[in-house]
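I opened the notebook to record what I looked up in this model, entry by entry. The order follows the residues as I came to them.

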Amino acid sequence: MGKERILAHLASCLVTEEAFEAAMRNDYPEFLRIRSETLHRRVLELAGLDFLS
């Protein structure tokens, strides 16, 4: 798989390129921070509260 295809698949799982890069650096705390921010933004969008962020 090429990088673009991997990133497209990860995006469908709400994993950003920035989070992926942190994972590839073995920086798990940074990966978790970025991932939690992504999930939080998505939850706010789904709840119709994205205007709060």
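**Entries on the helices and their packing**

I began with Ala23, which I found in helix 2 (residues 17-24), where helices are DSSP runs of H or I with at least four residues, numbered from the N terminus. This is a predicted model, in which local features need pLDDT of at least 70 and side-chain atom pairs count only at pLDDT 80 or more, while totals for chains, interfaces and linings use all residues. Residues are numbered from 1 along each chain as its sequence is written, and side-chain values use heavy atoms, with hydrogens and water left out.

Ala23 counts as partly exposed at 34% relative accessibility; buried means under 20% relative accessible area, exposed over 50%, and partly exposed in between, with a 1.4 Å probe and protein chains only. I also looked up the C-alpha atoms of Ala23 and Ile34, which are eleven residues apart along the chain and separated by 10 Å.

Next I turned to Phe31, which is buried, with a relative accessible area of 17%. Leaving aside neighbours within four places in sequence, I noted that Phe31 is in contact with Val15, Ala19, Ala22 and Ala23, contact being heavy atoms within 4.5 Å.

Which residues make up the largest nonpolar core? I listed eight: Leu7, Leu10, Val15, Ala19, Phe20, Ala22, Phe31 and Ile34. Helix 1 (3-12), helix 2 and helix 3 each supply at least two residues of this core, and the largest share, three residues, comes from helix 2. A nonpolar core is here a set of buried Ala, Val, Leu, Ile, Met, Phe, Trp, Tyr and Cys residues joined through side-chain atoms within 4.5 Å.

For aromatic pairs I used ring centres within 6.5 Å for Phe, Tyr and Trp (its six-membered ring), with planes under 30 degrees apart counted as stacked, over 60 as edge-to-face and the rest as tilted. By this rule I counted one aromatic pair. Tyr28 and Phe31 are separated by about one helical turn because they stand three residues apart in helix 3 (residues 28-46). Tyr28, at 54% relative accessibility, counts as exposed.

**Entries on the loops**

Leu14, in the loop between helix 1 and helix 2, has a positive phi of about 60 degrees although it is not a glycine, and at 29% relative accessibility Leu14 counts as partly exposed. In the loop between helix 2 and helix 3 I found Asn26, also not a glycine, with a positive phi of about 60 degrees; Asn26 counts as exposed at 71% relative accessibility.
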